[in-house]
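Work through the exercises below with the coordinates open. Each task is followed by a solution in steps.

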Amino acid sequence: MTDEAEALAETLSLADALALDRTLLALERTLLAWIRFAVALVLAGITAWVLSPELWVRGVGTSLIAAGAVTAVGAVWRLRRLRWRVVRRTARRVAGLAMR
């Protein structure tokens, strides 16, 4: 958990803090699923490169490797963006409750 999320969790009730933790852990599990998929794409591309001397199969292998790299970068970007949104939205909610 990030420092900002930890500081926010200290101001929340126990139920809200646990919900925030569950949400952040779910985001990380989703990241791991995307990374597994990216690794599978890269491995399929490498396998196509190694096992076939045909040019079109090597082109497919190159495309799979590139797709795996793009998937991994996109997965990390998605995690960072969604984690930021969750923490910011929760912080706004806590600030709104504190004003009442």
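The model is predicted, so local features need pLDDT of at least 70 and side-chain atom pairs pLDDT 80 or more, while totals for chains, interfaces and linings use all residues. Residues are numbered from 1 along each chain as its sequence is written, and side-chain values use heavy atoms, with hydrogens and water left out.

**Exercise 1. Overall layout**

Task: State how many helices and strands the protein chain has, and describe its contacts and surface.

Solution. 
Step 1. Assign the elements as DSSP runs, numbered from the N terminus: helices are H or I with at least four residues, strands are E with at least two. The protein chain has 3 helices and 0 strands, and its pattern along the sequence is α-α-α.
Step 2. Take contacts as heavy atoms within 4.5 Å. Of those between residues at least 6 apart in sequence, 65% join residues at least 24 apart.
Step 3. Compute the accessible surface by the Shrake-Rupley method with a 1.4 Å probe; for residues, only the protein chains shown count as cover. The total for the protein chain is about 7100 Å², and 68% of that belongs to carbon and sulfur atoms.

**Exercise 2. The aromatic pair**

Task: Find how many aromatic pairs the whole structure holds, and classify what is found.

Solution. 
Step 1. A pair of aromatic rings is described by the distance of the centres and the angle of the planes. Rings of Phe, Tyr and Trp (its six-membered ring) pair if their centres lie within 6.5 Å; planes under 30 degrees apart are stacked, over 60 edge-to-face and the rest tilted.
Step 2. The search returns 1 aromatic pair. The ring centres of Trp34 and Phe37 are 6.4 Å apart and the planes are at 80°, so the pair is edge-to-face.
Step 3. Both residues, Trp34 and Phe37, lie in helix H2 (residues 14–51), 3 residues apart, about one turn of the helix.
Step 4. Trp34 is partly exposed at 38% relative accessibility, and Phe37 is partly exposed at 43%.
Step 5. Look at Thr71, a residue of helix H3. Thr71 is buried, at a relative accessible area of 15%, and touches Trp34, Phe37, Ala38 and Leu41, not counting residues up to four places away in sequence.

**Exercise 3. The salt bridge**

Task: Which residue forms a salt bridge with Arg83?

Solution. 
Step 1. The criterion is a side-chain nitrogen of Lys or Arg within 4 Å of a carboxyl oxygen of Asp or Glu. The structure holds 1 salt bridge.
Step 2. The partner is Glu28, with the closest N and O atoms 3.2 Å apart. This pair links distant parts of the chain, as Glu28 is in helix H2 and Arg83 in helix H3, 55 residues apart.
Step 3. Glu28 counts as partly exposed at 29% relative accessibility; Arg83 is also partly exposed, at 22%.

**Exercise 4. Ser52**

Task: Is Ser52 buried or exposed?

Solution. 
Step 1. Ser52 sits in the loop between H2 and H3. Its relative accessibility is 13%, so Ser52 counts as buried.
Step 2. A polar atom of the Ser52 side chain lies 3.3 Å from the backbone nitrogen of Glu54.
Step 3. Not counting residues up to four places away in sequence, Ser52 touches Val57 and Arg58.

Technical notes
Buried < 20%, exposed > 50% of the residue type's maximum accessible area, 1.4 Å probe, protein only. Polar contact = N/O pair within 3.5 Å; in protein donor to acceptor, adjacent residues only side chain to side chain.
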